[in-house]
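Subject: Structure for you to look at

Dear colleague,

I am handing over the structure that I have been going through, and below it you will find what turned up. Please keep it open while you read, so that each part can be followed on the model.

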Amino acid sequence: MSMKIDLGRVYGPSEDVVVREIEGEIVIVPLVSGIGDLEDELFTLNETGRAIWSRIDGRRPLAAVVRELAGEYNAPDGIIQEDVVGLLQELLDRRMIVDRG
Amino acid sequence: MTGPGKPYVRKVPSGRDGMWASAGPPLARLDIELTERCNNDCVHCSVNLPAGDAAARAREWPAASWKGLLGEAAELGCLVVRLTGGEPLVREDFEEIYLHARRLGMRVMLFTNATLVTERLARLFRDVPPLEAVEVSVYGMAAETYEAVTRAPGSFAAFRRGLGLLGDQGVPFVVKGAVLPSTRREMDELEAWSARITGSPARPSSAMLFDLRSRRDGAKNPLIAGLRIGGDEFVRIARRHGEAAVDEWRDFCARSGGPRGDRLFTCLASGGSASVDPYGRLQYCLGLRHPDTVTDLAAGSLREAVTGFLPRVRAMRSTNPAYLERCGRCFLKGLCEQCPAKSWAEYGTLDTPVEYFCGVAHAQAIAAGLLEPGEKAWAVVDGKERVERVERRRGS
């Protein structure tokens, strides 16, 4: 059963992937096996994903990330929260981020 | 938030089409020839030196230099590095270099004969996958035929053992053949075996048009030249599975644009790749060792070489009347293997028409209905019209 994203917890990039920024794209490269469905896949983030990813630093709880994005984009917390939890759940399910407590 | 919402994460499989919104990074792919040494002594090889060649080994860049270069390549956006040779696994520091590339976030294409694959290495590829199928050269389906090519006793058993280790660990690999006198009768067997062991119906590619020695150390060239098949034989082999290959040749000609004119580097129009030899010299491709097209990385950075030196090479033009008269006006550009690297290996120049490849391309064009026997492609005034006319006739 997959773990669920908790806004009170801190998340950071996993050591099982290498995250690179190339030509404005965030490229997530699996380092170990079992990250992708196939063994030759890389991953990129869409525009929403890039905005969120830049704040997933493994130091602050997710709720603080939501508040910061809501302020920056002048959008309701609920809308932002949906995107943040959506992305992080996808990344957690793929072992691209880890729960840092 | 201004983004489009789900899906937030996009998978980019091998091939990478459409990955970049821009033209792509300055260096998308780096080919590294880790060594010219090889534990096989293949009759057709254009590179190999003996595995124990101490002089070559002493000149090779150490792992620390390769790691520094890989770091520079990563800063230039390089996502794919090809490790080749020679046989790259003869280097005792292969694992260190491989892991460094992967930890920098690069996919690794490995070209190997698989004879030196160990259980430890196969497990490493399982745990830290290269993200590209390992490409294994196969020189025969039995010890007798295989070792007639490799001239290394015991190499067939070593190759089968290495391939078995990759298979046991679930490491994806593809096999590639070579059409040589000893292997020509084994092509069907190779294809059936490849489908069985890789689980893919895709037919393995087979090298047929062998290059001469790119170092121009010519003692072996008569042997290599003697192994080459002619154009008619090339066409016959290509037609083994029907006319798809011949149809593809016509498509190449239709899509390849106009003749070269005085341009030399038609295969490198978009840039984005570079090669480095075992001694730290950068060149466009591994076969192109003409001194005017090689720069020593000890004298400057990879960035300078990629953004300054290589564009100057790419801009080089031919002044050779024979090239301008023939290659410069030829509409078979999409078929012919003529390029500065082939010209260099054959004649020591960048722009001499290579008679062997010219002959093969003409045989292909005759098979595709684009030329009459005896006709010269460069004498066709309007190649585009010729291709369109043939395609119209076929369509009707």
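The crossing of α9(B) and α14(B) is right-handed, where a crossing is called right-handed if the near helix is turned clockwise from the far one by less than a right angle, and left-handed if anticlockwise. Helices (H or I, at least four residues) and strands (E, at least two) are DSSP runs, numbered from the N terminus. This is a predicted model, in which local features need pLDDT of at least 70 and side-chain atom pairs count only at pLDDT 80 or more, while totals for chains, interfaces and linings use all residues. Residues are numbered from 1 along each chain as its sequence is written, chains are lettered from A and ligands numbered from 1 in the order in which they are written, and side-chain values use heavy atoms, with hydrogens and water left out.

In that pair, the axes of helix α9 (residues 231-238) and helix α14 (residues 355-367), both of chain B, come within 8 Å and cross at roughly 50°, which makes α9(B) oblique to α14(B). Axes are lines fitted to C-alpha atoms, for helices over the stretch in contact, and angles run from 0 to 180 degrees between N-to-C directions; under 35 degrees counts as roughly parallel, over 145 as roughly antiparallel, 65 to 115 as roughly perpendicular and the rest as oblique. From α9(B), B:Gly231, B:Asp232, B:Phe234 and B:Val235 meet B:Val360, B:Ala363, B:Gln364 and B:Ala367 of α14(B), contact meaning heavy atoms within 4.5 Å. By class, this contact of α9(B) with α14(B) has 5 nonpolar, 2 polar and 1 charged residues.

In chain A, helix α2 (residues 62-73) packs with helix α3 (residues 77-93) at an angle of about 130°, with their axes 9 Å apart, and so α2(A) is oblique to α3(A). The contact involves residues including A:Leu62 and A:Val66 of α2(A) and A:Ile80 and A:Val84 of α3(A).

Back in chain B, helix α5 (residues 143-150) and helix α6 (residues 155-168) pack at about 105° with axes 8 Å apart, so that α5(B) is roughly perpendicular to α6(B). Among the residues that meet there are B:Tyr146 of α5(B) and B:Phe156 of α6(B).

Two backbone details lie in loops. The peptide bond from B:Gly85 to B:Gly86 is cis, with omega near 20°, and B:Gly86 sits in the loop between β5 (80-84) and α3 (94-103) of chain B. A:Glu23 has a positive phi of about 50° although it is not a glycine, and its place is in the loop between β2 (17-22) and β3 (25-30) of chain A.

Finally, chain B and chain A bury about 3,100 Å² between them, 59% of it on carbon and sulfur atoms.

Best wishes

Note on methods
Ala, Val, Leu, Ile, Met, Phe, Trp, Tyr, Cys and Pro count as nonpolar, Asp, Glu, Lys and Arg as charged, and the others, Gly among them, as polar. Buried area is the accessible area (1.4 Å probe) that two parts lose on being put together, summed over both.
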